[in-house]
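Biologist: I would like to go through this structure term by term. Please show it, and then I will ask about the labels.

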Amino acid sequence: MKTLVYDTLVVGSGCAGFNAIDWLTDLGVTEVALVTEGVKKGTSRNTGSDKQTYYKLSIAGNDSDSVLSMANTLNAGGEVDGPLALVEASCSSLCFMKLVLLGVDFPTDRYGQFVGYKTDHDPKQRATSAGPLTSRYMTEALEAKVQSKGIPILDGYQVVRLVVEEGKLRGLIAMYGGEPVYLKCNQAIWCTGGPSGIYRDVVYPESQRGMSGIVLSAGAEGNNLQHWQYGIASTKFRWNLSGTYQQVLPRYISIDAEGEEHEFLFEDGQEPSTVLSNIFLKGYQWPFDSRKIKGSSSIDLAVYKERVLKGRHVFLDFKHNSAYLPSDWTALGEEAFAYLKNSKALFGTPYERLEHMNPLAVQLYKEHGIYLDTQMLEIDVCAQHHNGGLLVDANWQSTIQNLYAAGEVAGTFGPYRPGGTALNSTQVGSMRAAQHIAEKQNREVAPRTVTEGELASLKDFENDFSLVLKGQGTSSCIALGSYFQKRMSEVASFIRVQDEAEKLLQELSSAIGSYFEMARLPKEYGKEYIFSVYDQLLSSQAILESMLVSAKTYGTYGSALSIHSSTELSRIEEVHKSEPNAFLHLVTVKTELGFSSTWRPVQPIPQEDTWFENVWAEHRRRKGAKI
């Protein structure tokens, strides 16, 4: 097997990956490379929202804020390690300003203040946005910086296995041009995004699948894998319908088998003003929340019932006002009325209000051949973001020594997080990993010696790869992947059916155990797909295990409703909702039979000594100062 040797590798070409390698080289780390299956792929570059949010310390007006206040907010949702919350708060301003200096156009007032707005689970106004494509702008700006340095980019390399010896990373095996390549390194920063490939119903771009399973299988511990964000999204063009898309009060329409339209939200007898208020609140409260099933999350449940229980197609209609929209705007809920009044949008159709308040949201769909003034948007409740991931410490190092994880693949969040914290975490986590690597002393810069343990791991991979080349498997890996995606969406998404999930976990375990003997690669696919689907199954197995443990411990809470069997689907609203212990988080580890999940105490927010002279002395020691 061909071998390439590096000091440090960064895997992934989103805003976390490009930021990681930019910081590494700025800090003097040499013999580095960025590894990606496709520079133009991934979530950072290919997704967004109505105004994609970046969450940071408030630095405008008289909205008083502090690092500790922001850390407490990040910690308030529960199941979040305090040191991570403190680091993400402490470093948010530095990372934000780096993006500003790179040219990301976050808005300021005429005096230069970076004004903000309030997002979900945010007590301040810390959120800001450069528009619906904020993460794309971030990625492009960081990529331009990296390209200007001439940093090697291994484009077209898909990492398919980790080589770990005695709990320490030794290297990565990647597929390139249909052949395996061993990328030997001292350390790596894993920035592959969330494991979106486990679901059929997703708002992630098609170019994003994630690669968490092979890391969990290699021994890295997972954290809060049960926590996701699900919400209403368009399906033909994958985009989450939050913010202004809801605040303009579109019609929710279902179409039955006879072609008849139903404004189904108003059919259960609720007051029209209550329903309209809930639609409006979906703009702020986009993720499904089991605590809000009598409020804004009743919209998600109603869509689910129309789609799944009644078998209807569901749409958002921006062309017409709802028949229940009062002619007297003041009859709306107080919050919706005030918002539309302040936005000077008490007029016209939902489309006209959207075009007035957020023309970029209209333009986005036009660019994909969808005209909201003449077409309805088909929608579903889709997975959008993984709030769990790999367990990391305050330097974003995983439980595999010398393997770091940043971005969505890192499990830094619990069930509730302020909107936009994910983008902040991409920048803070990747910077912290780079800093920790740069501060390491007396290491061999490029490790040339291949150990016996590494040779054994490479041999194991070659044995699996030889089975792929024989092509004697009985099941198409593509069909296998599609089947498990469908089943995960049906029983382990925002509605979780425990008895069906337990059966699915057994199916996954059986498929994984005989995967390389059973799976066959269709001729039209590249050899890397066999390993991509394998990663999907491993990710699904670990995540499903954590979901079942969580459901058996607490039942329903957070981003999902848990029911015992499908017979309970017709009375979902009656499901008992629990408040879990916020001081525990769920850690998932690899075992001989699959995965096992246990609750562990979260770490509190550190109460640090901030006396300047003491911090200065410790800082100089950490940097290796001689005097």
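Biologist: Why is Glu-166 called exposed?

Modeller: Exposed means over 50% relative accessible area, buried means under 20%, and partly exposed is in between, with a 1.4 Å probe and protein chains only. Glu-166 has 80% relative accessibility, so the residue counts as exposed. Glu-166 sits in the loop between β7 (158–165) and β8 (168–176), where helices (H or I, at least four residues) and strands (E, at least two) are DSSP runs numbered from the N terminus. This is a predicted model, in which local features need pLDDT of at least 70 and side-chain atom pairs count only at pLDDT 80 or more, while totals for chains, interfaces and linings use all residues. Residues are numbered from 1 along each chain as its sequence is written, and side-chain values use heavy atoms, with hydrogens and water left out.

Biologist: What makes the phi of Glu-166 worth a remark?

Modeller: Most residues other than glycine have a negative phi. Glu-166 is not a glycine, and its phi is positive, near 50 degrees. Glu-31 also has a positive phi, of about 50 degrees, without being a glycine.

Biologist: Where is Glu-31, and is Glu-31 buried, exposed or partly exposed?

Modeller: Glu-31 lies in the loop between α1 and β3 (32–36). Its relative accessibility is 35%, so Glu-31 counts as partly exposed.

Biologist: How do you know whether Ser-58 is buried or exposed?

Modeller: The value for Ser-58 is 12% relative accessibility, so this residue counts as buried. Ser-58 belongs to the loop between β4 (53–55) and α3 (67–76). Leaving aside residues up to four places away in sequence, Ser-58 touches Asp-63, Asp-65, Gln-125 and Arg-126; contact means heavy atoms within 4.5 Å.

Biologist: Why are α1 and α14 called roughly parallel?

Modeller: Helix α1 (residues 15–26) and helix α14 (residues 421–438) pack at an angle of about 30 degrees, and their axes are 8 Å apart. Angles under 35 degrees count as roughly parallel, over 145 as roughly antiparallel, 65 to 115 as roughly perpendicular and the rest as oblique. The two helices are therefore roughly parallel to each other. On the α1 side the contact includes Cys-15, Asn-19 and Trp-23, and on the α14 side the residues include Leu-423, Gln-427 and Met-431.

Biologist: What makes the pair of Phe-288 and Phe-494 edge-to-face?

Modeller: Rings of Phe, Tyr and Trp (its six-membered ring) pair if their centres lie within 6.5 Å; planes under 30 degrees apart count as stacked, over 60 as edge-to-face and the rest as tilted. By this rule there are 31 aromatic pairs. Phe-288 and Phe-494 are 4.9 Å apart centre to centre, with 70 degrees between the planes, which is edge-to-face. Phe-288 is in the loop between α9 (272–281) and α10 (298–309), Phe-494 is in the loop between α16 (477–491) and β21 (495–497), and the two are 206 residues apart. Phe-288 has 2% relative accessibility and so counts as buried; Phe-494, with 4%, is buried.

Biologist: Why is the pair of Phe-516 and Tyr-534 called tilted?

Modeller: The angle between the planes is 55 degrees, and the centres are 4.8 Å apart. That angle falls in neither the stacked nor the edge-to-face range, so the pair is tilted. Phe-516 lies in helix α18 (residues 515–518) and Tyr-534 in helix α19 (residues 528–554). Phe-516, at 8%, is buried, and Tyr-534, at 15% relative accessibility, counts as buried.

Biologist: Which residues form one aromatic cluster?

Modeller: Phe-461, Phe-465, Tyr-515, Phe-516, Phe-531 and Tyr-534 form one.

Definitions and conventions
Axes fitted to C-alpha atoms, helices over the stretch in contact; angles between N-to-C directions.
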